[in-house]
Amino acid sequence: MGSLRNTIRRKVTRRSFVAGAAGFAAASAVLPKTGHTADELNVLVWCDHADKKLLAPFEAKHNIKINVKTYEGTGAAVSIIEQSSPGDWDVLVIDTPDVPMVVGKGLLAPMDESTLPLSDLLKPLTSAAFNHVNGVRYAVPEKFGYYGVAYNKEKVNPADMRSAQVMWNNKYKGRVAVYDYYFPTMQLIAISMGIKPDAISMNDLPKIREKLLAMKPNIKMVGDIVSVQNALVNGDVDMIINGAEFVVSGLMPTMPQLDWTIFDEGGLMWIQGLSVFKDSKKKKLAFDFVNHVLSPEGQGALATSECYWAMPANKKAVLSAAEKKILRWDEQAAFLGRSVPSTIGRADIDSEMLDIWTEFLQKK
Amino acid sequence: MSAPGKPVAANIQFELSRWAVHPAIIFTLVFFIIPLVAMVIISFWQRIYGKLQASWTVANYEKFFGRDYLLEALYNSIEVTLLTLAISILLAYPLAYILAYKVPSRWQRFVLILTVLPFWTAYVVRSYSWLLIISENGILNVALIAIGLIDQPLEMAYGRGATVLGFVHFFTMLLTLTIYANLVQIKASYHKAAADLGANPLQIFFRITFPLSIPGVAVGAFITFVIAIGDYITPQILGGSTEVLVPQAIMLQIARAANFPMASVMSITLMIVVVIVYFIIGKYLKMDRI
C-alpha cells in the first residue's frame with residue numbers, strides 16, 4: 001500500500017507541472033465556493049477533468065452545475081478532504097495504487113460493479129488489483145498511460161525507439177532527456193534487464209545502478225515535464241526517456257514530428273481511477289457522473305484533455321482517426337500485453353533508489 | 001512612572017519604542033529562531049522505513065560528508081556561486097562606474113530603471129526565456145548560423161555555463177545597484193584634491209575610488225552569494241540537472257522522500273558556509289554606505 005508520503009511524491013512528480021497552479025488554487029480554497037446545493041456536484045479531480053467538453057454535456061443533461069476542484073497529488077487531495085465536512089465532496093479521481101490508502105481512511109464508497117460499464121473497459125485495467133480492497137471495488141479505471149520514450153522522429157530512427165537498449169545507444173550520445181522521476185526510470189531499466197518492477201529487491205539495485213550510471217554519457221538533461229518538453233521542442237534533445245504519451249500527445253497535432261512508444265522489452269503503466277465518496281449526499285448523481293466519464297463520449301474528451309492526453313480506459317472511446325493515431329490506439333492490445341503497472345516499492349528500496357538517482361544526476 | 005531626571009515625553013517615547021520592537025522580536029522568534037532550532041534538532045533524527053525516528057544520531061551528517069556525490073553538491077554550489085560572483089563583479093563594476101561618473105545626472109534615473117528591468121520579470125519566466133535564446137533552435141544559434149559564423153548550433157543550454165549565465169544576468173544588475181549607490185556617495189572633492197596633488201586618473205581610481213567603493217562591492221557580493229548559493233530554480237531549469245547543487249539535493253530529499261532530517265543537514269551545511277563567508281567579508285559590510 002502506498003503511504004501518504006509516496007502518494008505525495010508520486011503525484012507531485014508526475015503532474016505537478018501540468019496541474020500546479022490549479023492544484024494550489026484548490027488547496028487554498030478548500031470548499032466549493034458555491035456550497036453544496038441540490039443542483040450541484042462537487043468533484044475533486046486532476047486537471048484533465050476540467051474541460052468544458054467533458055463536463056458540459058453532463059451539466060446540460062442533469063441541469064446541474066459541476067464544481068471542479070483540481071489537485072496535484074493524492075496527498076493534497078486527502079488534505080483538502082480532511083479540511084472539509086463529510087459530504088462536501090462527491091467524486092474523486094485517484095491514482096489507483098493509492099486506492100487502498102484512501103479506503104483505509106474510510107473515505108470511499110463501495111462500487112456496485114453491475115452499474116459500471118466494466119465490459120467496455122480494457123481488460124488488463126479492470127483486473128488490476130488496486131481497484132479492490134478485500135474483494136470490494138472502490139475505484140474504476142478511467143485513463144492510463146505509460147513510461148516509455150517520446151521522441152522527434154525527424155532526428156532519430158523510430159525503429160531504435162522500440163528497444164530499451166536505446167538508453168545506452170552511442171548513436172544518441174548527448175541527445176537524450178530523462179523525465180525526472182526516479183523510480184519509473186529505474187523500473188524501466190529493471191524491465192530491460194528482465195526484472196519485474198514489483199520484484200525489484202535490494203540485491204538487484206547494484207545492477208540497476210550500474211546500468212543507470214552507464215546511461216549518463218547519452219544524457220543531455222534531466223527535468224520535469226515542462227523542461228523535457230522544452231528541450232525536445234527546442235531541438236536540444238532528440239528523445240525523452242521515461243516520457244511517453246503524457247509528454248507529447250497534446251503537442252502532436254501541431255508538431256507531427258513528435259511521437260512516442262513503449263519498449264519491446266516491456267512497458268510500465270500508470271493508471272488513474274474514479275471513486276465516489278462514502279459520505280456523498282448525491283451518490284446516485286455521483287455514480288451517474290462516473291458513468292458519464294466512462295461513456296465513449298466522456299472517454300474521448302478525457303483522453304484528449306487540454307491538460308494532458310493519455311489513453312482512455314474504455315475501448316469504445318470516441319476518438320477521431322487522427323487522435324487514435326496519436327495515441328497509438330490500434331497498438332494498445334499489444335502494448336497492454338507486455339506492460340505492467342508501476343508500483344511503489346518498499347521504503348528501504350525506495351530510499352536506496354533515491355540515493356542512486358542522486359548519484360546518477362551528479363555523475364559527470 | 002517616569003524615571004528621575006528624565007522628561008515625561010522622553011519616557012513615553014522610550015516605552016513606545018520598547019513595545020514597538022516586540023512584534024519584530026516575536027516575528028523573528030516564531031519564523032526564524034524556532035524553525036532554526038527545530039531544523040537543527042531534526043537533523044539528528046532519521047527517516048527509517050518511511051517513518052521519522054526521533055532517535056539522536058549523526059548518521060545523516062556522516063552520510064552527507066561521507067558520500068562523494070552528496071559532498072560534491074556542496075563543492076558544485078560553492079564553485080558556481082564564486083564563478084557567478086566573479087563574473088558579475090567584473091561586469092557590474094564598470095557599469096556602475098560609468099553610471100555614476102559618465103552618465104549625465106539627468107539620464108541617471110532612466111538608466112537606473114533600465115538596470116533594474118530584469119527584476120521586474122518572474123524568476124522562472126526569466127530562466128525559461130534564456131532557454132529560448134540559448135537552445136539549439138534558439139535565437140542566438142539561429143542568428144549565428146544565419147550570418148555564417150557557425151554551421152552547427154552551439155550547445156549552450158543545460159549545464160554549468162547556462163546556470164552561471166542565468167545567475168550573472170540577475171546578479172550583475174543587483175551588484176550594479178549596490179556599487180553605484182556606494183560610488184555616488186564618494187565626495188567629488190576627494191577626486192579634485194587628488195588631481196590637484198598630481199594624481200593621474202588611474203591613481204585616483206586605485207587609491208581613492210576603488211578603496212572607498214569596497215563596501216558597496218562587499219554588500220552586493222554578500223547578497224549575491226547568499227541568494228545564488230541557495231537558489232533552486234536557475235540550476236534546475238537552465239542547468240538541466242546535469243549536476244546537483246545543494247538546493248537541488250535538498251529538494252530531492254524533501255519532495256521525493258520526505259526525508260526532512262537529511263534535508264536539514266544539507267540546509268545547515270549551507271547556512272554554515274554563508275556564516276563563514278559573512279565572517280570573511282563582514283568587516284567590509286557597511287550598510288550605511290549603500
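Two strands pair if DSSP finds at least two bridges between them. I take strands as DSSP runs of E with at least two residues, and helices as runs of H or I with at least four, both numbered from the N terminus.

I note that this is a predicted model, where local features need pLDDT of at least 70, side-chain atom pairs count only at pLDDT 80 or more, and totals for chains, interfaces and linings use all residues. Residues are numbered from 1 along each chain as its sequence is written, and chains are lettered from A and ligands numbered from 1 in the order in which they are written.

**Entry 1: strand S6 of chain A**

I looked up the partners of S6(A), residues 140–152. Tyr151(A) stands opposite Met239(A) in S9(A). S9(A), residues 239–243, runs antiparallel to S6(A), with 4 bridges. Tyr151(A) also stands opposite Asp259(A), in S10(A). S10(A) covers residues 258–261 and pairs with S6(A) over 4 bridges, again in the antiparallel sense.

I then moved to Lys143(A). Lys143(A) faces Gln272(A) of S11(A) as its opposite residue. S11(A), residues 267–276, is joined to S6(A) by 7 antiparallel bridges. Lys143(A) stands opposite Pro312(A) in S12(A) as well. S12(A), residues 311–312, has 2 bridges to S6(A) and runs antiparallel to it.

**Entry 2: the contact of chains A and B**

I count residues as in contact if their C-beta atoms, placed from the backbone, lie within 7 Å. Chain A gives 23 residues and chain B gives 25. On the side of chain A, the elements with two or more residues are H1 (4–28), S8 (219–223), H8 (225–233) and H14 (347–362). H14(A) has the largest share, 8 residues. By class, this side has 7 nonpolar, 9 polar and 7 charged residues. My classes: Ala, Val, Leu, Ile, Met, Phe, Trp, Tyr, Cys and Pro are nonpolar, Asp, Glu, Lys and Arg are charged, and the others, Gly among them, are polar.

**Entry 3: H14(A) against H12(B)**

H14(A) packs on H12(B), residues 246–257, at about 150°, with axes 11 Å apart. That makes the two helices roughly antiparallel (over 145 degrees). Ser351(A), Leu354(A) and Thr358(A) meet Ala249(B), Leu252(B), Arg256(B) and Ala257(B).

Technical notes:
Two residues are in contact if their C-beta atoms, placed from the backbone, lie within 7 Å. Axes are lines fitted to C-alpha atoms, for helices over the stretch in contact, and angles run from 0 to 180 degrees between N-to-C directions. Angles under 35 degrees count as roughly parallel, over 145 as roughly antiparallel, 65 to 115 as roughly perpendicular and the rest as oblique.
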